[in-house]
Amino acid sequence: MNTSEGKKIWLVGNSGMLGKQIEKELTKNNVEFAASDREVDITSFNEINDFIKNKNIDTIINCAAYTAVDEAEEKKEKANKINSEGPKNLAKAAIKINAELIHFSTDYVYSGEKKGKYTEEDKTDPLSVYGKSKLDGEKNIKNEMDRFFIIRLSWLYGVYGNSFVKTMVNLFQTHDELTVVNDQKGSPTYCGTLAENTVKLIRDNNRNYGVYNYSDGGEISWYDFAVRIKKIADSIDKFKSNVSIKPIPSSEFPRKADRPKNSVMDKKKIKKYLNFKVKDWESNLIEYFKEWEKINYEGI
Ligand SMILES: NC(=O)c1ccc[n+]([C@@H]2O[C@H](COP(=O)([O-])OP(=O)(O)OC[C@H]3O[C@@H](n4cnc5c(N)ncnc54)[C@H](OP(=O)(O)O)[C@@H]3O)[C@@H](O)[C@H]2O)c1
């Protein structure tokens with residue numbers, strides 16, 4: 001039964017990597033939705049208020065965010081406004097119209113000091129301005145409302161927009177040798193499976209609100225990820241290359257923002273309470289390349 005019938009969704013941030021994928025999935029499932037990106041600035045409560053008027057929205061899905069992790073170190077105010085004030089405004093609006101909110105957060109809320117997998121109950125202690133701004137966004141939502149799903153993601157990639165996968169495939173074409181860090185452990189999150197899970201969550205009318213971790217299954221380093229991407233790229237004529245990939249410690253690849261050394265997240269909670277399907281990262285990567293081909297390797 002399609003329990004989303006009669007439900008009206010507002011997809012916020014529909015021009016971003018995840019937003020575009022969720023838009024595609026909503027359309028495929030005949031779910032009625034309104035969508036916006038920059039034209040409704042989430043840092044302005046007035047703009048939000050004007051947009052939602054008379055639309056009978058039941059569910060707000062927020063994919064809008066400030067995601068430039070390194071740049072955020074110097075643009076703290078901007079990052080905070082979008083990632084912390086933005087979700088607060090959306091939560092306030094949701095309360096006003098009696099809607100629920102699905103919001104995406106990040107593994108960067110964790111410090112990475114833990115030896116094992118992170119559960120939702122573990123201490124949050126972000127290392128970066130971006131991580132802190134996203135955590136403040138989570139806190140603002142919790143302070144405003146009860147009917148929310150906050151879903152923490154890691155290493156997101158998809159067929160739309162830029163991602164590590166596209167960056168690697170591009171670099172394979174122009175370099176003889178690449179170095180990739182091998183001392184940061186985590187799991188990629190493929191937007192395709194995430195979008196399917198998100199739309200299913202809406203259709204199921206699930207009410208197990210709360211904070212959840214989500215990513216693909218398995219745990220790898222960025223180096224492992226790059227090596228696997230190369231293997232698939234080599235099976236595609238236009239991406240075949242002789243590049244060699246060498247593992248390096250993150251100390252040899254300094255960046256403005258620190259990243260957690262370990263951000264492997266435990267997914268038991270989201271599997272149990274939201275019925276999210278967690279596919280292993282390798283099969284999702286294969287799936288990704290198939291989907292990417294369908295849109296002529298957009299972004300390359
Ligand atoms: N990308 C990752 O690796 C990653 C990892 C973990 C978690 N996440 C989280 O996953 C979610 C989706 O990320 P994504 O990579 O799909 O993001 P994205 O591609 O950067 O998309 C975000 C969208 O939000 C828009 N936006 C920015 N400020 C806005 C504002 N004030 N009002 C309305 N729209 C605004 C952006 O427009 P402009 O492009 O014009 O700025 C963009 O279209 C985010 O919550 C992010 O924090 C991402």
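Strand β3 covers residues 59-62, and all of its residues are buried: Thr59 and Ile61 point one way, while Ile60 and Asn62 point the other way. Buried here means under 20% relative accessible area, against over 50% for exposed and in between for partly exposed, with a 1.4 Å probe and protein chains only. In a regular strand the side chains alternate between the two faces of the sheet. Strands and helices are DSSP runs numbered from the N terminus, with at least two residues (E) for a strand and at least four (H or I) for a helix.

The structure is a predicted model, in which local features need pLDDT of at least 70 and side-chain atom pairs count only at pLDDT 80 or more, whereas totals for chains, interfaces and linings use all residues. Residues are numbered from 1 along each chain as its sequence is written, and side-chain values use heavy atoms, with hydrogens and water left out.

**Neighbouring strands**

Two strands pair if DSSP finds at least two bridges between them. Strand β3 pairs with strand β1 (residues 9-12) in the parallel sense over 4 bridges. Within this pairing, Trp10 has Ile60 as its bridge partner, and Val12 has Asn62. Strand β3 also runs parallel to strand β4 (residues 100-106), to which 4 bridges join it; here Ile60 is the bridge partner of Leu101.

Strand β1 is covered on both faces, with Ile9 and Leu11 buried on one side and Trp10 and Val12 buried on the other. Strand β1 pairs in the parallel sense with strand β2 (residues 33-36) over 4 bridges, and Ile9 stands opposite Phe33 of β2.

A right-handed β-α-β unit is made by β1, helix α1 (residues 17-28) and β2, and another by β3, helix α3 (residues 76-97) and β4. A crossover is right-handed if, with the strands pointing away from the viewer, the path from the first strand over the helix to the second runs clockwise.

**The ligand**

The ligand is surrounded by 22 residues, the closest being Arg38, Asp41, Thr67, Tyr130 and Lys134; a residue is near a molecule if one of its heavy atoms lies within 4 Å of it. The table lists polar contacts, which are pairs of N or O atoms within 3.5 Å.

| Residue | Part of residue | Distance to a ligand oxygen atom |
|---|---|---|
| Phe104 | backbone | 3.1 Å |
| Lys134 | side chain | 2.7 Å |
| Leu156 | backbone | 3.3 Å |

The protein covers 80% of the 910 Å² of accessible area that the ligand has on its own.

Note on methods
Polar contact = N/O pair within 3.5 Å; in protein donor to acceptor, adjacent residues only side chain to side chain. Areas by Shrake-Rupley, 256 points an atom, 1.4 Å probe, with all protein chains shown as cover.
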